Amino acid sequence: MVKTNYYNSIATIYDQTRWMSESVAEDIADAILTLVDANPNTSFLEPGVGTGLNILPFVKRGYSVTGIDISQAMLDQFRRKVQQTPSNLTPSNLTLIQADASELPFSESSFDVVLTVHMIHTVSHWPTFLGEIERVLKPEGFYLNAQWVVPPARKVFESQFKAILLQYKETQVPKRVDNWIEEIDGYFRGRGYQAEYQMVKEWSVTNTVAELLSYYQSRAYGFCWWVPDDIFYRVMADFEAFCADYYGSLETELSSTAQFELWIYTSSQAA
Ligand SMILES: C[S@@+](CC[C@H](N)C(=O)[O-])C[C@H]1O[C@@H](n2cnc3c(N)ncnc32)[C@H](O)[C@@H]1O
């Protein structure tokens, strides 16, 4: 698994460049707790936990939460947020470990719920990683996977950026798997798991063009990382000129609906 991690360099701006808010995360936590029929002893593991955007509500509610991430800077951001949370928080229920998710440092059947959110595309050998999830999950446990779908207005913005990028012939777009959901679904169904889908939450997201441009300038997204610096700055200059013309003003607001979708896997032993 590749150890280099760009997330270290964007950890401090990560949350603002995504589209999850605290209240949305609380609603999603409500839905997940119902889904897994949680009791006070239910334990959660989030590999690739990042800054804790998804799992912080579970920590606040006193559940036993373990987060693993390869990026120390992302974990530091998470710790900072925990320290800023009002005093009813008992941080002793939170364990954060810097580790590679393809070698989870836990024994078999350690967790009731394993949650991954927009993470599997970042690991270099995903079948090994899924095998690890299966190993540390209790037989009656739940594996929950969410692959964020970029809200439509931001997706259009992204495709406009990529179209300009492709005009620079010297750039090589890396090959990547697009159909993660199918790959993961195939893996777990093939191993006898039951699969279910739930649309957990829909909410509106609005950004100005200027905000989105600033996130791109900070190279907050994976598709900006592999572009060599000199090309990246030229592409950004072209893209800003394009946006000023296309959107009329950089203060134009782009709105669309974000979705948090969950794919839920349970072992047939749990039924
Ligand atoms: C797109 S972020 C998602 C973070 C968080 N799950 C969220 O929804 O905000 C991907 C995270 O996976 C972490 N990551 C990437 N490869 C990893 C690996 N091999 N082992 C553990 N964490 C990894 C990154 O450091 C980053 O924090």
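Which strands does helix α3 lie across? Helix α3, residues 22-35, lies across β5 (137-146), β6 and β7. Contact here has a cut-off: C-beta atoms, placed from the backbone, lie within 7 Å. The helix runs at about 170 degrees to β6. Axes are lines fitted to C-alpha atoms, for helices over the stretch in contact, and angles run from 0 to 180 degrees between N-to-C directions. Helices (H or I, at least four residues) and strands (E, at least two) are DSSP runs, numbered from the N terminus.

Some ground rules. This is a predicted model: local features need pLDDT of at least 70, side-chain atom pairs count only at pLDDT 80 or more, and totals for chains, interfaces and linings use all residues. Residues are numbered from 1 along each chain as its sequence is written.

Now the sheet. It is open, with 7 strands in the order β3-β2-β1-β4-β5-β7-β6, and the pairing is mixed. Pairing requires that DSSP finds at least two bridges between two strands. The edges are β3 (94-98) and β6 (193-208), each pairing on one side only. From one strand to the next, the twist averages 20 degrees.

Look at β7, residues 253-267. With β6 it pairs in the antiparallel sense over 15 bridges. Lys 201 has Phe 260 of β7 as its bridge partner. Trp 203 stands opposite Ala 258 in β7. β5 and β7 also pair in the antiparallel sense, over 4 bridges. In β7, Trp 263 stands opposite Asn 145.

On to the helices. Two packed helices are described by the angle between their axes and the distance between the axes. Take α9 (residues 209-217) and α11 (residues 229-247). They pack at about 170 degrees, axes 11 Å apart. So α9 and α11 are roughly antiparallel. The cut-offs: under 35 degrees is roughly parallel, over 145 roughly antiparallel, 65 to 115 roughly perpendicular, the rest oblique. From α9, Val 209, Leu 213, Tyr 216 and Gln 217 meet Met 236, Glu 240, Cys 243 and Tyr 247 of α11. That contact has 6 nonpolar, 1 polar and 1 charged residues. Ala, Val, Leu, Ile, Met, Phe, Trp, Tyr, Cys and Pro count as nonpolar, Asp, Glu, Lys and Arg as charged, and the others, Gly among them, as polar.

Helix α7, residues 152-166, also packs on α11. The angle is about 130 degrees and the axes are 10 Å apart. That makes α7 oblique to α11. Gln 160, Phe 161, Ile 164 and Leu 165 of α7 touch Val 235, Asp 238, Phe 239 and Phe 242 of α11. By class, this contact has 6 nonpolar, 1 polar and 1 charged residues.

Technical notes
Contact = placed C-beta atoms within 7 Å.
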